[in-house]
Amino acid sequence: MANSKRFSGKFGIVTGAGSGIGRAAALNLIQAGAGLSLADIDESSLKALTGEVAGSDAPKPLIQKADVSAEAEVQLLVDNTVARFGRIDFLVTSAGILRRTQFAELAISEWDLMMAVNLRGPFLCCRAVVPIMMKQGAGVIVNVASLAGRTASVLGGAHYTAAKHGVVGLTRHIARELGPANIRVNAFCPGATLTPMVQRATPPEELERIAGGMPIRRWSKPEEQARVIAFLLSEDSNFITGACIDSNGGAVMV
Ligand code: NAD
């Protein structure tokens, strides 16, 4: 197929690649020929993923255990990616956590953890790759925000919503600054997607109730979301920057 290797010769980083949307995005990109650095706090999940793509003709992925909220670990991830592949064409920040704690019960420590992983994480990753992309004269970033960055979260608490709004703001601002450097930055805003994160936090009857309230009456598969991420990384979206791309089954229309 003409399009099947559309990421051959492209190299990038996917955070949160061990599970859910990040994992599906990584698999899709590797199948399309990309050379990837796969980052996650859970190293064993990355090893399992690389086992799955062992026969692929894409460059062998780099596995990097990294906590996206830790500056030194993010810098090491980026340095190792450049050492391995020589360049960084794209970044996908999918690492994230979900907490459902009600605002009245919310401890400051949990607020801080949420901000560290879900907002500082994308900030640190963008901050580390941008100088390299500027030197290259090109780059693409997709920050995985959420429907929670467009309205109030259905599943997450106020801290989750606040962090995701932060990701959208960060994305818009740096898209404006980096456009002249030929770096595109977009926020991807998935809605209900059946991943381990959601399955851990949600009883089956609630999953059903949420699906029933959406125009498309089902949960998305991570693979569907992965294809939207690939679109945003590809030349098919060359004029899209600073956008929030919704993929939410019509749950919120903005
Ligand atoms: P998931 O739990 O399946 O995957 C998240 C991955 O991030 C895991 O592998 C986890 O180990 C990793 N991670 C967590 N903390 C980390 C850290 N500090 N450093 C590095 N890696 C870390 O979740 P998912 O549903 O695939 O979520 C992926 C992204 O999509 C998140 O940012 C989430 O907020 C967002 N999102 C998910 C949904 C959904 O319905 N699943 C909807 C909207 C947005």
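A polar contact is a pair of N or O atoms within 3.5 Å; within protein, one must be able to donate a hydrogen and the other to accept it, and residues adjacent in sequence count only if both atoms are side-chain atoms. By that rule, a backbone N or O atom of A66 lies 3.4 Å from a nitrogen atom of the ligand. The model is predicted: local features need pLDDT of at least 70, side-chain atom pairs count only at pLDDT 80 or more, and totals for chains, interfaces and linings use all residues. Residues are numbered from 1 along each chain as its sequence is written, and side-chain values use heavy atoms, with hydrogens and water left out.

**Ligand contacts**
- A polar side-chain atom of D40 lies 2.6 Å from an oxygen atom of the ligand.
- The side chain of R200 places an N or O atom 3.3 Å from a ligand oxygen atom.

**Ligand shell**

**Salt bridges**
- The count comes to nine salt bridges, each a side-chain nitrogen of Lys or Arg within 4 Å of a carboxyl oxygen of Asp or Glu.
- One of them joins the side chains of R127 and E71, at 3.7 Å from N to O.
- R127 lies in helix α4 (residues 108-136) and E71 in helix α3 (residues 71-85), so this pair ties together parts that are 56 residues apart in sequence.

Conventions
Helices (H or I, at least four residues) and strands (E, at least two) are DSSP runs, numbered from the N terminus.
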